[in-house]
Amino acid sequence: MTKPSTFRGGTHPPGHKDLSSGSPIVRLPAPEVVTVPLCQHLGAPSKPVVTKGDRVVRGQEIGAQNGFISLPTHSPVNGTVKDIKDLPMPHRRSGPAVVIETESEDGGCVFEPWSDHASHSPAEIIDRIKQAGVCGMGGASFPTYVKLSPPPDKTIDTLIINGVECEPYLTADHRLMLENPSDMILGMEMLAYALGVERCMIGIEVNKPDAIELLESMGVSVVPLKVSYPQGAEKQLIDATVGREVPAGGLPMDVGVVVQNVGTAAAVACAVRDGMPSMRRIVTVTGLGVASPGNFEACVGTPFSDLIEAAGGYSGDVERLISGGPMMGMALFTDGVPVTKGTSGVLALEPGEVREVSEGPCIRCGKCVDVCPIRLTPSIIATAAEYERWTIARDFGALNCMACGTCSYVCPSGRYLVHYIKRAQDAIRAMGTGKEA
Amino acid sequence: MAQTRRFELAISPHVGSPQTTRKIMFDVVIALLPALAAATWFFGPGALLLVALSTATAVGVEYICLKFMKRPVSFAFDGSAVVTGILLAYNVPPGVPWWLPVLGSAFAIAVGKQAFGGLGHNIVNPALLGRAFLMASFPILMTAGWAAPESWRTGEDCGWDTNAIVQEELAILPGADAISGATPLNVLKQTFDLDESSRTALAEGETEVAAELEARAVSTRSALSSSGTYANLFLGRRGGCIGETSVLLLLIGAVYLFARGVLEPRLPLSYLGAVAVFAWIFGGSGWFDGDPLFHVLAGGVVLGGFFMVSDMVTTPVTPKGRIIFGIGAGLITMIIRRWGGYPEGCSYSILLMNLVTPLIDRFTKPKVFGEVKSNG
């Protein structure tokens, strides 16, 4: 194998992936009550189209698309709507959700299954992906159909499937690639067909040699990538795989590339081939704080507490519960939040696993500058933000930060660099004088 | 789950690298220890005592300042005061009275560091500010007291002079008495003065005197540039400040720091590289005839390069800025050595560059990912 590709900067936090990477995906039945968020995708939440007391069937649209950057939401079960209200969410403080009492979990094929996607036009495929509510399953949950509908002046020539999974602990994508590669490959072919591109490839970190080997043996063009965080960040992945640098403030389509997560590709296959809306996903439940870490396929709306129970319950002293990975995930105060299409992991971390919190002054060691994948100067932006010198923060490029957390990770003074930079971003945007973001 | 569990909230990332400021500082202390061993071997337990006094003073004064300003006293034990205390003592001659490094160390911490807000906020390297304060206040004490290596054990017949020139060459050197007890850089400076006197004599028509002075300058310089001198400088058989003696042991410390990921190579390498290049350009009597090896080995540039130019707080954080800092400090060091009032310019060059660090940072802001292409 040639030397694995990478981007400039980055760091290598301990992976802890062996906790769950050997555990096959376990399919969890729908719980008695599902809490289906209407705000699972990025953008405007779906508008509820059912009311309390309505009977719904699996796959039925319960929330309608509400704008361009929005998606419909579907019921993952057959049952009765108990309530529609704002509830705590894993990815934001709270959001609208439809609470459904489960009766059964069969059916769900609400669209016509297309066994041969090539007999339908790309526009039809894209429409199906939209109707099925497919959004990015890597974390940001951006509506997939939007990425597939570039403005006419942009030419897309490359599709990159993101199988990097650079966040420590998470193994959901790894297991998917091992256990269901055919769906993922089919989804990839559908996405390439929808975009009209010939060139597609999948980027995988070399810490998943079994997945690389399997997919290569199935004829997929795999780009092995160095284990370095954040290798899976869209712009860094494009840089590492095809050597194109997405302009600051620009989008991958500006360099002719579309990136989709492996889970998204599998969801696309289900939507087009099986006529199934996006209602389930694979979640890694791990950390030393759970008894038997593993990977679970759960329907959206399943409470995190059910996942924890499926993983053997809490063990020992759990200091922090996280939705997502440890680098960019959100800390939760309760496990009573539902799985969304973007929930890649549930982490229960013990005190020893969590970063110690004792913030000191910046000693200007410059480690954050060396590792920043965006090549910012986090130390200076953060110090400027601390003293509310927003123009300095802006001049050092604060608005380009994607909050990957690499700087905070390496900081020997334990500074909350991401927090300061986010504060600066809010203040700069409020000033209204920020450079084009 | 029946019971409701509540968890701590915090901003991501939720994991952190094991590196801490404290570990970095104590790594620097460890890296400075080989040089302390060299100082003790060559200059005796007195040197060790001066370092100990200086370090204790630094920590004590830091503690008192923090207490006085009602700030957490735990900062006094984070290792940064220890580093400052050691470096201050490393920058004084071994023969100074005990109270001199104590005073310098107290000044370094109280004025150089705490007055500016403590760790991370000082503008210039506190140890070097302390040294500059001592140089300004006690110029005679600070430029004398050079001890011949190992003379504390063997007396006058130790076989080594402070000027690092080997005995055999010193024996045949005209005017050898004049350079006995001087540091190698001081000797070099004297040869420049001889050049000057020779030119004056020539202008006054005293050709013979001029030729003799010039011959002395040339032969002294060639003695400084001999392999014997290099070896003495490298191993540490020379007069000089406590910490700068042994290049070998300083390098061992530097390698340790580098292996531990604490030392960022751009700063020291650009500094030492710049010293070597500028030494060759104008470090000799004329142009492009200087001796880069002598200039790098002599004086404090190795100590300065690895432990003070690479001081994190007072140097740029940007990759380009670090190279500019190193080159700038190297240039100033050589200008002072060649034309300045002192034989050694290392510490002042670093202090001067410390002052422009914020400017360097601002003008060397790295190009943000994707910025080049969007603008071009």
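Visitor: How many residues does the contact take from chain A, and how many from chain B?
Guide: This is a predicted model, in which local features need pLDDT of at least 70 and side-chain atom pairs count only at pLDDT 80 or more, while totals for chains, interfaces and linings use all residues. Residues are numbered from 1 along each chain as its sequence is written, and chains are lettered from A, with ligands numbered from 1, in the order in which they are written. If two residues are in contact when their C-beta atoms, placed from the backbone, lie within 7 Å, then the contact takes 37 residues from chain B and, from chain A, 58 residues.

Visitor: Which helices and strands of chain A each supply at least two residues of the side that touches chain B?
Guide: Helices (H or I, at least four residues) and strands (E, at least two) are DSSP runs here, numbered from the N terminus. On the side of chain A that touches chain B, at least two residues each come from strand S15 (320–323), strand S16 (330–332), helix H8 (304–310), helix H10 (378–386), helix H12 (406–410) and helix H13 (417–431).

Visitor: By class, what residues does that side of chain A have?
Guide: Ala, Val, Leu, Ile, Met, Phe, Trp, Tyr, Cys and Pro count as nonpolar, Asp, Glu, Lys and Arg as charged, and the others, Gly among them, as polar. By these classes, the side of chain A that touches chain B has 31 nonpolar, 16 polar and 11 charged residues.

Visitor: At what angle do H10(A) and H13(A) pack, and in which sense do they cross, left-handed or right-handed?
Guide: Axes are lines fitted to C-alpha atoms, for helices over the stretch in contact, and angles run from 0 to 180 degrees between N-to-C directions; on that basis the axes of H10(A) and H13(A) are 8 Å apart and the angle is about 60°. A crossing is left-handed if the near helix is turned anticlockwise from the far one by less than a right angle, and right-handed if clockwise. For H10(A) and H13(A), the crossing is left-handed.

Visitor: By class, what residues does the contact of H10(A) with H13(A) have?
Guide: Among the residues of H10(A) that meet H13(A) are Ile381(A) and Glu386(A), and among their counterparts in H13(A) are Tyr420(A) and Arg423(A). By class, this contact of H10(A) with H13(A) has two charged residues, no polar residues and, as for nonpolar residues, nine.

Visitor: Which residues of H5(A) make the contact with H3(A)?
Guide: Helix H3 (residues 172–179) and helix H5 (residues 209–217) of chain A pack at about 35°, with their axes 9 Å apart, and their crossing is left-handed. His174(A), Met177(A) and Leu178(A) of H3(A) make this contact with Asp210(A), Ala211(A), Leu214(A) and Leu215(A).

Visitor: What is the strand order of the six-stranded open sheet in chain A?
Guide: The pairing in this open sheet is mixed, where two strands pair if DSSP finds at least two bridges between them. Its edge strands, each of which pairs on one side only, are strand S1 (25–27) and S16 of chain A, and the twist averages 30° from one strand to the next. The order of the six strands is S1-S14-S13-S17-S15-S16.

Visitor: In S17(A), which residue is the bridge partner of Arg320(A)?
Guide: S15(A) and strand S17 (residues 345–349) of chain A pair in the antiparallel sense over four bridges. In S17(A), the bridge partner of Arg320(A) is Leu349(A).

Visitor: Which helix gives the most to the side of domain 2 of chain B that touches domain 3 of chain B?
Guide: Chain B, by bounds that come from an automatic or database domain assignment, is divided into domain 1 (21–142), domain 2 (158–238) and domain 3 (264–364). The contact takes 15 residues from domain 2 of chain B and 10 residues from domain 3 of chain B. With seven residues, the helix that gives the most to that side of domain 2 is H10(B).

Visitor: What radius of gyration does chain B have?
Guide: Chain B has 19 helices and zero strands, and its C-alpha atoms fill a box of roughly 105 × 60 × 35 Å along the principal axes. The radius of gyration is taken over C-alpha atoms, and the globule rule is 2.2 Å times the number of residues to the power 0.38. With 376 residues, a compact globule would have a value near 21 Å, which agrees with that of chain B, 23 Å.
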